[in-house]
Amino acid sequence: MVVEYADFECPFCASLEVRLKEGPLRVAFRHFPVKSSHPRAWAAACAAEAAALQGRFWEMHDALFADQGRLEDPHLWERAENIGLNLERFEEDRRGDAVAARVKRDFQSGVRAGVVTTPALFAAGRHYAGRDASEALEVLSERLLDNPPGQI
């Protein structure tokens, strides 16, 4: 299991996502929106969590990373519609306290764990950040192939 802290507006995170999909690793995603660098990252994280409440987190996750240049509200609504969400519920949830609390909780857990940049991965008892996170995927994938589940 790999724990990933990422920001939907971070180009390095999008690149890492492509590589994560190539490997056999299981990923637990955590939000780490860096609002100072990525002003739409918080809204995108809330959109993903609102989609999660309708059982569509990974579909929204993939849609957000697929087109990072369009994270304004009309584009979020379009994505929500395209993946089959109830738009009224999506809009209410993404602006609600429960979703905001979830994103904030993820961010705070990252800060406590030592995350200062995205992407950040935690695996095999180690913290990999930035470019090291991408390079670590090769090593982790190889270790998973050589070891039984639960050994990395």
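Which residues are exposed on the other side of α6? They are Asp97, Ala98 and Arg112. This is a predicted model.

## Helix α6

Helix α6 spans residues 97-113, which makes 17 residues. From its first C-alpha to its last, α6 reaches 24 Å. That is close to the 24 Å expected at 1.5 Å a residue.

Val99, Val103, Asp106 and Gly110 are buried. Seen down the axis of α6, the buried residues fall within an arc of 55°, so they line one face of the helix. Just after α6 comes Gly114, with a positive phi of about 100°.

Strand β3 covers residues 120-123, and strand β4 covers residues 126-129. The two strands run antiparallel, joined by four bridges. Leu121 stands opposite Tyr128 in β4.

Two residues lie between the strands of this hairpin. In the hairpin, Ala124 takes a positive phi near 50°.

## Cysteines

How many disulfides does the structure hold? The count is zero. Cys13 is in no disulfide, and its nearest cysteine sulfur, that of Cys10, is 3.3 Å away. A disulfide needs the two sulfur atoms within 2.5 Å.

Is Cys13 buried or exposed? Cys13 has 0% relative accessibility, so it counts as buried. Cys46 has 4% relative accessibility, so it counts as buried too. The cut-off for buried is under 20%.

Methods:
Residues numbered from 1 in each chain as written. Predicted model: local features only at pLDDT ≥ 70, side-chain atom pairs only at ≥ 80, totals over all residues. Heavy atoms only, no water. Pairing = 2+ DSSP bridges. Expected span 1.5 Å × (residues − 1). Buried < 20%, exposed > 50% of the residue type's maximum accessible area, 1.4 Å probe, protein only. Arc of directions from axis to C-beta.
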